[in-house]
Amino acid sequence: MKKILGTEFVYQVFSLVIAVIIVHAVYVAVIRPKANTIIRAQIEQVQKDKNYVPIRSVFVTLRDYEQEICFILMLWAFAIMGYKGTAIIRERGLLFEELIPVSEATRIFPEDSHAYSSTLQALPNETRDYLLPRALLTGLHRFGSTRNIQDVSTAVINVCDSESERLESELSMIRYIAWAIPSIGFIGTVRGIGEALGQAYKAVEGDITGVTQSLGVAFNSTLIALLISIVLMFVVHQLQLVQERLVLDTETYCDRYLIRHLQVRIHD
């Protein structure tokens with residue numbers, strides 16, 4: 001488990017670095033040059049024709065630093081969720097395997113728990129750390145030591161509840177990113193309004209170009225941040241739904257393939 005957590009931390013660091021490189025490269029090579037060209041052309045048109053209405057451009061809407069940071073955080077969050085989603089898919093794959101070889105008529109007695117545990121312990125280390133093998137092993141060990149079926153059910157539920165809490169806590173970083181993105185958008189709004197107020201004297205003199213550009217920064221940053229936040233929160237809720245289904249399906253698997261087959265002899 002510690003090895004998995006260490007691998008995930010390294011993955012998160014590298015995914016952040018890669019997101020910064022990719023987004024910044026796109027902004028430097030494409031978005032900002034095109035946005036600056038469009039803005040210069042619009043200024044020239046306004047100077048020639050006072051009735052000219054600038055056409056809203058996607059490049060101009062995306063060009064500021066706040067939007068760049070929002071896209072970096074979005075890609076980082078998607079990378080983290082992709083890692084977690086892939087792990088969940090691998091774990092769900094075990095639900096379709098016969099980890100405990102039982103038939104409808106099979107009965108598992110306390111003295112048999114060691115033999116069934118050996119099958120699970122023979123799994124690769126990474127697979128054995130998944131939720132389903134851990135829940136089954138915990139149930140079998142509890143049955144072998146207490147010879148009580150109710151204790152087995154309680155132990156399996158406790159393992160699943162602990163895993164559910166762990167999965168929920170691991171989403172805290174993604175939720176923080178989803179909260180930070182709109183906040184960065186609002187920072188852009190404050191910056192833009194501050195710049196607009198700083199150029200108010202030019203507007204009084206009749207030159208409103210600087211004011212409109214600054215107000216564009218204010219509203220564009222908030223617009224992009226809120227749109228990204230909406231998409232990100234949708235994906236977060238989908239990931240959370242998949243995680244919850246994994247826990248519930250694991251409990252069902254343990255009940256179907258383990259608990260219902262447990263039996264204690266009368267003299268026990």
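## Chain overview and the α6 end

Read along the sequence, this predicted chain runs α-α-α-α-α-α-α-α-α-α. The protein chain holds 10 helices and zero strands. Helices (H or I, at least four residues) and strands (E, at least two) are DSSP runs, numbered from the N terminus.

Residues are numbered from 1 along each chain as its sequence is written. The model is predicted: local features need pLDDT of at least 70, side-chain atom pairs count only at pLDDT 80 or more, and totals for chains, interfaces and linings use all residues.

Whole-chain values come next.

| Property of the protein chain | Value |
|---|---|
| Residues that count as buried, of 268 residues | 39% |
| Contacts joining residues at least 24 apart, among those at least 6 apart in sequence | 80% |
| Accessible surface | about 15100 Å² |
| Share of that surface belonging to carbon and sulfur atoms | 63% |

Buried means under 20% relative accessible area, exposed over 50%, and partly exposed in between (1.4 Å probe, protein chains only). A contact means heavy atoms within 4.5 Å. Accessible areas come from the Shrake-Rupley method with a 1.4 Å probe; for residues, only the protein chains shown count as cover.

Now to α6. Its 16 residues should span 22 Å at 1.5 Å a residue, and the end C-alpha atoms are 22 Å apart, which agrees. The expected span is 1.5 Å times one less than the number of residues. Buried residues in α6 include Leu 131, Leu 132, Pro 133, Leu 140 and Phe 143.

Arg 147 lies in the loop between α6 (131-146) and α7 (149-170). Just after α6, Arg 147 takes a positive phi of about 55 degrees. Arg 147 is a residue other than glycine. Arg 147 is partly exposed, with a relative accessible area of 37%.

Note on methods. Side-chain values use heavy atoms; hydrogens and water are left out.
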